[in-house]
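Colleague: I would like to learn how to read the packing and the sheets in a model like this one. Could you take me through it?

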Amino acid sequence: MIVPMHKYSFLVYHQEVQTFLDQLMELGVVDVSSSSGSVGETSAALMQEIQTAEQLYKRLQRWKPKDATKATAPPSSPLNIQQILQLEKEWEEVQQKKLLRQKEIDVLEPWGNIREEDWAKIREMGIRLHFFICPKKQFKPAWQQAYPLEIIHRNGGMLYFVIFERGEEIELPIREIELPKISLEAARQELQALTEREASIRQQLEAVATYQLDQLQSQIDEKRDQLQLALATEHAQPLAADKAVLIEGWCPADRQAELEQFLDQHKIAYLKGEARQDEKPPVLLKNNGFTRLFEPIGNLFSLPASTELDLTPYFAPFFLLFFGFCLGDAGYGLVLLLFTTLAKFKVAPQWKPYLTLAQLFGIS
């Protein structure tokens, strides 16, 4: 069922607005209205922080180890958003450098390890090296007679050879290749260092995802509450020469006695009324333990308006029955039931109602 909502208008002294809103948030019985209008600097900053934190939350979820028993040790100290973003940026850079180094190693391996000092000696002798790769069928033995040529490597049907040149012109019907300006040994060492750094970054990000995701979600929720307070403060209507402020909000009918007791204790002037036809009060559903399990399914579409009927109690039993018809196999149902039952011992409390619903699906 949909809980009826009553509209309240509070008259608050302008210097006590923030204190009053904080007290309302702690009481948790009023949804403060935020009327349309320009957004202040505080609200805009909070919106940006929430957006950044939500994007980071989604990105960190991919780092959470699938096997909780293999989770890494917690971070020595909590990382802030900027540090986490910096780690992800470095991770991407390391990935790019690893690809580059691996390509260089693939090119250099057939030629062996040519060190910088070897290149220096060759240059001192006035010799230039020209590197070529060609299919074995295209290789001409006459090339060995015409040039100082040495075959370095054979790989299947390909020949890797080098020509030593002291100023004479070399003319071959194949294209010369250029080796990377790094030795094979140095490339391998750098790849090893990059791999170790990659593992270190992954370990840090997995630790953050394992131990800080819940904390990050709490920060997002806290920022959202701060945003609601900021919007309510910015959009409150000043009255009586800016000495009093009119704040509007909605309270569930079953908690209005608690709200009015609070207002009387703090000597807050208020008016209570019903929603007008052009107003859209917030929607709060109240169902029994069984039907409440199906509310997330209804929320996937949209909540009913406050003047409409809550269909959750009606579709809940039929949805459960139809799921059993669609699955149509007791073996699958047993696997689903066993899996969700075991999972309930490991998940956080807020996820257990979803698993209870999945258990019912398995039974059906």
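Modeller: Gladly! Let us begin with contact, which means heavy atoms within 4.5 Å. With that in mind, look at I84: leaving out residues up to four places away in sequence, I84 touches L56, L60, L79, L205 and V208. A word on the source: this is a predicted model, where local features need pLDDT of at least 70, side-chain atom pairs count only at pLDDT 80 or more, and totals for chains, interfaces and linings use all residues. Residues are numbered from 1 along each chain as its sequence is written, and side-chain values use heavy atoms, with hydrogens and water left out.

Colleague: Which residues have the most contacts inside the largest nonpolar core?

Modeller: A nonpolar core is a set of buried Ala, Val, Leu, Ile, Met, Phe, Trp, Tyr and Cys residues joined through side-chain atoms within 4.5 Å. Buried means under 20% relative accessible area, with a 1.4 Å probe and protein chains only. Here the largest such core has 22 residues, and L60, W63, I84, I201, L205, L216 and I220 have the most contacts inside it. Two or more residues come from each of α2 (41-61), α3 (81-108) and α6 (184-235), and α6 gives the most, with 10 residues. Helices here are DSSP runs of H or I with at least four residues, strands are runs of E with at least two, and both are numbered from the N terminus. Another core, of 18 residues, lies apart from this one and includes F10, V17, V245 and I247.

Colleague: And E88, is that residue buried or exposed?

Modeller: E88 is buried, with a relative accessible area of 1%. This residue lies in helix α3 and, leaving aside neighbours within four places in sequence, is in contact with R59, R62, W63 and L205.

Colleague: Now the open sheet: what is the order of its 4 strands?

Modeller: Strands of a sheet pair through backbone hydrogen bonds, either parallel or antiparallel. Two strands count as paired if DSSP finds at least two bridges between them. In this open sheet the order is β4-β5-β3-β6, with antiparallel pairing. β4 (149-155) and β6 (176-177) are at the edges with a single partner strand each, so one side of each has no neighbour in the sheet. Further in, 8 bridges join β3 (residues 128-135) to β5 (residues 158-165); C134, for instance, has L159 in β5 as its bridge partner.

Colleague: How many helices and strands does the chain have?

Modeller: The chain has 12 helices and 9 strands, and buried residues make up 34% of its 364 residues.

How values were computed. Buried means under 20% relative accessible area, exposed over 50%, partly exposed in between (1.4 Å probe, protein chains only).
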